[in-house]
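Please open the model in your viewer and keep the selection tool at hand. The tour below goes from stop to stop, saying what to select and what is there.

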Amino acid sequence: MAMNKEETLSLYRKLILARRAEEKIRQEYFRDEIKTPVHLGIGGEAIPVGVCHCLPEGTKTFGTYRNHALYLALTDDAAGFFAELYGKVTGPGKGKAGSMHLSAPERGLMATSAVVGTTIPLAVGAALANAYQESAGIVTVFFGDGAVEEGVFWESLNFACLHRLRILFVCEDNGLAIHTPAVERRGFRSLEDVVRGFKCHVAAGDGSDLPGVVTATRQMLRLMSAEPQPGLLNFTYLRFLEHVGPGEDFEAGYRRRPTPDELERLDPVLRFQKELRQSGCSEQELEAVKISVDDQINRSVSLAQQAPFPAPSELYTDVLA
Amino acid sequence: MKSVITFKEALNLALIKEMEEDSSVLVFGLDVPDHKGIYGSTLGLVEKFGTKRCFGTPLSEDAMTGVALGAAISGLRPVHVHIRADFMLLAMNQIANMVSTLRYMSGGKLCVPLVIRAVIGRGWGQSAQHSKSLHSIFAHLPGLKVVLPTTPQDAYGLLRSAIRDDNPVIFLEHRWLYDIVGEVDDEQAVPLGAPAVRRRGSALTVVCTSWMNVEALKAAEVLAKNGVDVEVVDVRTVSPLEETVIVESVMKTRHCIVADYDWVFCGFGAELAALISHRCFGALNRPVERLGYSYVPCPTTRPLENLFYPSAVSIIRMAEKMLALKETDLSGESFYTYEQRFKGPF
């Protein structure tokens, strides 16, 4: 990955913003002021951060309910993010969206959704609109490995490949659908192998490796330019926390706690920090990023706590145009 | 320009006009560009506008509804067509979880100018999976508009309004209406919303959806011979429902039958009956009565099918009961039978 120090630190900042924002949620959640289910993505931040880093200006993006890192990577809007989580009218969805439906169409994040797989065809529709309008723009959609078992994934993939749309499918593969491992859900060996039967570029990568995600994404975008057809990237990662909520659940019995060595390899933050140090970043530089991010987060939480809830009249607005 | 055309030609004309006037309008669905063209309503579009703006789709109702939604929030105005409303149930996840909610969840940032057209109702022997209307289910979901045109003018005007609307519109067309002929003024807009009075009368109001207007007008013709003057109100837009025309009619006639082209139990007819009972409570001489499908899956065989669907006869008998009239001898009357209008397979 050829990146200068400035770019590397900017990427690091996005990674740390996602991580620290969710750590803040973990700290604050017990107060019951954030009254929305939170699906924390700790362990998986490098995938949205890395992919979005490579997307050209004007890309339309769609995601899932595990969308915090994606929202923050695309918007840098911690204030809006926390306002929405606190249910305040200053949030991007005026408090009507909550954690699971964060969006920022003005920044390209068109929609995220709490029903698995539901934004996949929307992304294909946005890609169809690009083709229709003869726009060179691309569309990216993030989904989990569970979504691959939904019929709509295959229906959408089929249509996108049939029309050779410029769309990048990104599977955030943590090997779990809530608590059920892939081996108990899948009658096929490899998603990549199945999708290779479609007119689609396919690649897989380690989603805990931020520079690796960036390299794989850039390579995929090049392939999609050279031979116009959809692309699919499958990135594996470890979901550090429970499916929903702020806690760990390694003791719940359905999976084992990773060893310290494994954790070091599977934590995208630890791993990227190590690389940054090796490439000449000082502790002070890394610490400065963290301090600046924490300051942004603390100010955002404080603003969110002070912001008003939507007025009762807001109940009936935004249903129809 | 005024012309006398069929309902299906009116739909076709509306699509052509909108596609001519707005390059963001596109029409797609399974079999939309084929030689039959959804009973003629989409014929000629692909020849005129090309495969970019009119195309057939894979058999993927769920994804194609999501594709239509994704295109709608990206600046296009898609018209997604289903040859049967029953097939929309395969897309219910998109319709109920995404199409109807996306604007609200975006805090009003997203606009969803999407039309979903579907054919409803009776053909012959259509049985339980090719006969539903489902407007009650769609209207139950906030965030959708639901429209059921009855006349060629309304098919034309309401479809144009639906395509121009910035909201998702479910547009439900009864199969038997396709061959109805009427005058269409292509310059006359028909806004979504207000119901239409199809026949003026003073003794009884029959509030109808879709094909029930045809049955109610026949019933009114028969009852008029006995001096009973029936008013027929066509709801046209089920959601959002405009109450005024309906309420004013019942305040005048003081009697009301709701004739809905759907199941009675938990149906749109119940909504109308509750609305009218509430708004016209003091004026009503009799409780509001409801007609609709029998509460069974639609049977195939003709004798049972005839019992399943409400008809002019059921309206006449209900009206006689309500107004304490003797039963009319109907042996000399000729009622609608579809064999006079078209032959199978649909």
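Two strands count as paired if DSSP finds at least two bridges between them. Keep that in mind for the sheet stop, where four bridges join strand E10 (residues 204-208) of chain B to strand E13 (residues 256-263) of chain B. Note also that this is a predicted model.

**Chain B as a whole**

Select chain B. Twelve helices and 14 strands are found in chain B. Its radius of gyration is 20 Å, close to the 20 Å given by the globule rule for 346 residues, so chain B is as compact as a globular protein of that length. Along the principal axes, the C-alpha atoms of chain B fill a box of roughly 60 × 45 × 40 Å. Of the 346 residues in chain B, 53% are buried. Among contacts in chain B with a separation of 6 or more, 80% are between residues 24 or more positions apart.

**Where chain B meets chain A**

Show both chains. Here 34 residues of chain B are in contact with 35 residues of chain A. On the chain B side, color helix H3 (61-72), helix H4 (92-99) and helix H5 (102-105), each of which supplies at least two residues. H3(B) gives the largest share of that side, eight residues. By class, the side of chain B that touches chain A has 16 nonpolar, 13 polar and five charged residues.

**The two domains of chain B**

Next, color chain B by its domain assignment: domain 1 (2-185) and domain 2 (196-329). The C-alpha centres of domain 1 and domain 2 of chain B lie 27 Å apart. Their contact takes 25 residues from domain 1 of chain B and 18 residues from domain 2 of chain B. On the domain 1 side, select helix H6 (135-139), strand E6 (145-147), helix H7 (152-164) and strand E7 (169-174) of chain B; each supplies at least two residues. This side of domain 1 of chain B has twelve nonpolar, ten polar and three charged residues.

**A sheet in chain B**

Now pick out the five strands that form an open sheet in chain B, in the order E9-E11-E10-E13-E14, with mixed pairing. At the edges are strand E9 (196-199) and strand E14 (289-293) of chain B, each pairing on one side only. Neighbouring strands of this sheet are turned by 25° against each other on average, direction ignored.

Zoom in on E10 and E13 of chain B, which run parallel. Thr205(B) stands opposite Cys256(B) in E13(B).

Which elements does helix H8 of chain B touch as it packs on the sheet? Select residues 212-224 of chain B for helix H8: the helix touches E9, E10, strand E11 (230-234) and E13 of chain B. The direction of H8 makes about 170° with that of E11(B). Helix H10 (residues 268-279) of chain B also packs on the sheet, touching E10, E13 and E14 of chain B. The direction of H10 makes about 160° with that of E13(B).

**A loop residue in chain A**

For the last stop, switch to chain A and select Arg164(A), in the loop between helix H6 (151-162) and strand E4 (167-173) of chain A. Arg164(A) is partly exposed, with 16 other C-beta atoms within 10 Å. Leaving aside its neighbours within four places in sequence, Arg164(A) is in contact with Lys199(A), Pro228(A) and Gln229(A). Finally, find Gly231(A): Arg164(A) and Gly231(A) are 67 residues apart in sequence and 9.8 Å apart in space, C-alpha to C-alpha.

Definitions and conventions:
Residues numbered from 1 in each chain as written. Chains lettered and ligands numbered in written order. Predicted model: local features only at pLDDT ≥ 70, side-chain atom pairs only at ≥ 80, totals over all residues. Rg over C-alpha atoms; globule rule 2.2 N^0.38 Å. Buried ≥ 20, exposed ≤ 12 C-beta atoms within 10 Å, placed from the backbone. Contact = placed C-beta atoms within 7 Å. Nonpolar A, V, L, I, M, F, W, Y, C, P; charged D, E, K, R; others polar. Domains from an automatic or database assignment. Axes fitted to C-alpha atoms, helices over the stretch in contact; angles between N-to-C directions.
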